[in-house]
Amino acid sequence: MSTNSQALPGITHRSGPSNTEVLHYTAFAASPVGGNRAGVVLDAAALHDSDMVAIAAELGYSESAFLSPGPDPADERSLTLRFFSPQAEVDFCGHATVAAAVALGERLGTGELTFHTPAGPIAVTVTEAGGVLKATLTSVVPKVSKADPADVAEALAALAWQADDLDAALPPRIAYAGVRHLVLAAATRERLADLNYDFDRLLTLMRKLDLTTVQLVWRETATTFHARDPFPVGGVVEDAATGAAAAAFGAYARELGLVPVDVTLTLHQGHDMGSPSLLEVDLRAGEERVRVTGTAVRVQASASGQI
């Protein structure tokens, strides 16, 4: 994999081979003070699964990205991309995809990339405006299905929410765009802001339903939403920006007829955590797949992997 003279220094970790270099990015923010952080390993070909789990655990980020050659090793723009939380591998992660794409964009320039992920091929376009790189990922074909009322009741109990805390115009659903999310819409911004859930109880439900996050949203306007994403299955209380959930939510909004056929949705996430993030979700007429766009920037980290 090409790492030309524009490459920036990273952190070398003891986990795995001694020359494993981990780069640190924050995605869905143009400033280090916001976004969701991810480690990026540009050359993970020599790493075993146990190495990648250990590196992700050492970093402590919700997910980190590990790149290795794709089906054609000579094609540096078509790569295998795997994601690991501090607990285990995840089939797809949006913010780590954006981070990895921007890291490659800094080295290879703007243009098209293809990531071969456990969820399927993900096309990504890297662009530049005002000296800032953005990445737009195109999801796998999404799916939306009804949620079992008993599972919704259990999720509400774990969250310490009541049934009337939900927005009746945005009914609960299971939404998939690479991984599964339970979408629950709060009736008020105050309800969304007050998040203090039973970690173990929600974890048990999420494992039963094979969920990656619970996508909690509040609708501010017809096209602007605020989101929070508990992520106990990854060993993380909450994600600051969740591109996979944003893609799934775009499919949800379209399936329920909540938004126009051609539209860009704005999702604000991480504000209640002190890490503001901005995700743009594009829905296009005649296309099943959902596009999610965000920036990513390099951040400095200590040897422990934390800012």
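D151 is buried, at a relative accessible area of 12%, where buried denotes under 20% relative accessible area, exposed over 50% and partly exposed the range in between (1.4 Å probe, protein chains only). The model is predicted, so that local features need pLDDT of at least 70 and side-chain atom pairs count only at pLDDT 80 or more, while totals for chains, interfaces and linings use all residues. Residues are numbered from 1 along each chain as its sequence is written, and side-chain values use heavy atoms, with hydrogens and water left out.

The side chain of D151 meets that of K208 in a salt bridge (2.9 Å, N to O), the term being applied to a side-chain nitrogen of Lys or Arg within 4 Å of a carboxyl oxygen of Asp or Glu. D272 is partly exposed at 33% relative accessibility, whereas R228 is buried at 6%; together with E238, the residues R189, R228 and D272 are linked in a network of salt bridges.

The structure also holds five aromatic pairs, defined for rings of Phe, Tyr and Trp (its six-membered ring) whose centres lie within 6.5 Å, with planes under 30 degrees apart counted as stacked, over 60 as edge-to-face and the rest as tilted. Among them is the stacked pair of Y197 and F199, at 6.2 Å centre to centre and 15 degrees between the planes.
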